[in-house]
Amino acid sequence: MARKVFGNSLKNAMGEASPSEESLDTNRTSPTVARAQASILEEDKHATRLIDANAIQMSAVMDRIDPSDGLDDLVSSIREHGQKVPVLVRRTLDGSLEIVYGRRRLLACRELGRKVRATVMEMTDEEALIAQGVENNARQDPSFIERALFVAGIIRELGKTDEARKNAQTVAYRALQIDESLVSRMNRIATGIPTELIQAIGPAHGVGRRVWEKLFRLCEKDGARAREIAAEIPRNLPGPNRLEAAVSLLTATKPSAPSVNPDERVKVGRRGNRITIDADADLASRVEEAVRKLVIELLDRGQDGPE
């Protein structure tokens, strides 16, 4: 069932299952995207093999903030029932093996000290990222910020030049099956919030774009403060509450230094024709000098008469 859902999701990503996708510019479906579709739909025809879990490296673009979070249940399941679903890996240009999807299964097998069942395929960077995004959407419930980080990772890895950036954005929206205009917004949010702050908050499952976008705008106003509050967020709170705490910390204004009222340091009183001046000790000499100058100036004006 999971494989069937995954296949349908990939077709949607490639523009085959939705009539609305047919209205998109057909030039966007590049040969690279077509190869990714063909590779994944033919996956079940490839024999799997057992591979040393430590011989497979992680890819540069992660789709979870912490793949090891909550891994205990999966470790227990594989220990008791074995690994039911193979991971997908590819060979890189230097001949090493790199995970495409199935990171948590790979980590669980590493922890158990056993080999991981895997399918090895020849895939380009773009094909691998599309397959990774489509499969993860079908199998798990990634949070908004994890999806945004995945988008930012694709653009970072594939869009290193202005010319390549447009293609990277196309790969991102095909992989996540999202509106093209959302790709740019997600990238801005993921890159505009300091990494240490995102790590402190965590995935925050169930929280949508609006709250993260609010945090992003606050970070734009004061990036230094945004990095500071990462250490102030209580780690014992659920993710959504940590996100709210971050927004509150950035929204709160810092207490300003109390202003000193000059009247409190220098007090002037009058009794009949007598004027008294009470000044702080550290100001007394300066006040006395200022009064003398003022009195002399007033007397001089009186002698000169009105102009």
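Visitor: How do the residues of the lining of the largest pocket divide into nonpolar, polar and charged?

Guide: The lining of the largest pocket has 10 nonpolar, 4 polar and 4 charged residues. Here Ala, Val, Leu, Ile, Met, Phe, Trp, Tyr, Cys and Pro count as nonpolar, Asp, Glu, Lys and Arg as charged, and the others, Gly among them, as polar. This is a predicted model, in which local features need pLDDT of at least 70 and side-chain atom pairs pLDDT 80 or more, while totals for chains, interfaces and linings use all residues. Residues are numbered from 1 along each chain as its sequence is written, and side-chain values use heavy atoms, without hydrogens and water.

Visitor: What volume does the largest pocket have, and which residues lie nearest its centre?

Guide: Rolling a probe the size of a water molecule over the atoms shows where empty space is left. On a 1 Å grid over the protein atoms alone, a pocket is an open set of points with protein on both sides within 12 Å along at least five of seven lines, whereas a cavity is a set where a 1.4 Å probe fits but cannot get out; lining residues have an atom within 4 Å of a point. The volume of the largest pocket is about 340 Å³. Of its 18 lining residues, M62, L149, R156, T195 and Q199 lie nearest the centre. Two or more lining residues come from each of α7, α9 (180-192) and α10 (195-201), and α7 gives the most, with 5.

Visitor: Which strands pair with β3, and in what sense?

Guide: Two strands pair if DSSP finds at least two bridges between them. Strand β3 (residues 87-91) pairs with β5 (residues 116-121) in the parallel sense over 4 bridges, and 4 bridges join β3 to β4 (residues 97-101) in an antiparallel arrangement. R90 has bridge partners in both neighbours: M121 in β5 and E98 in β4. The hairpin of β3 and β4 has 5 residues between the strands, and G95 takes a positive phi near 90° there.

Visitor: Is β3 mostly covered or uncovered?

Guide: Strand β3 is mostly covered, with 4 of its 5 residues buried (under 20% relative accessible area, 1.4 Å probe, protein chains only).

Note on methods. Points joined across faces, edges and corners; volume = space filled by probe spheres on them. Buried < 20%, exposed > 50% of the residue type's maximum accessible area, 1.4 Å probe, protein only.
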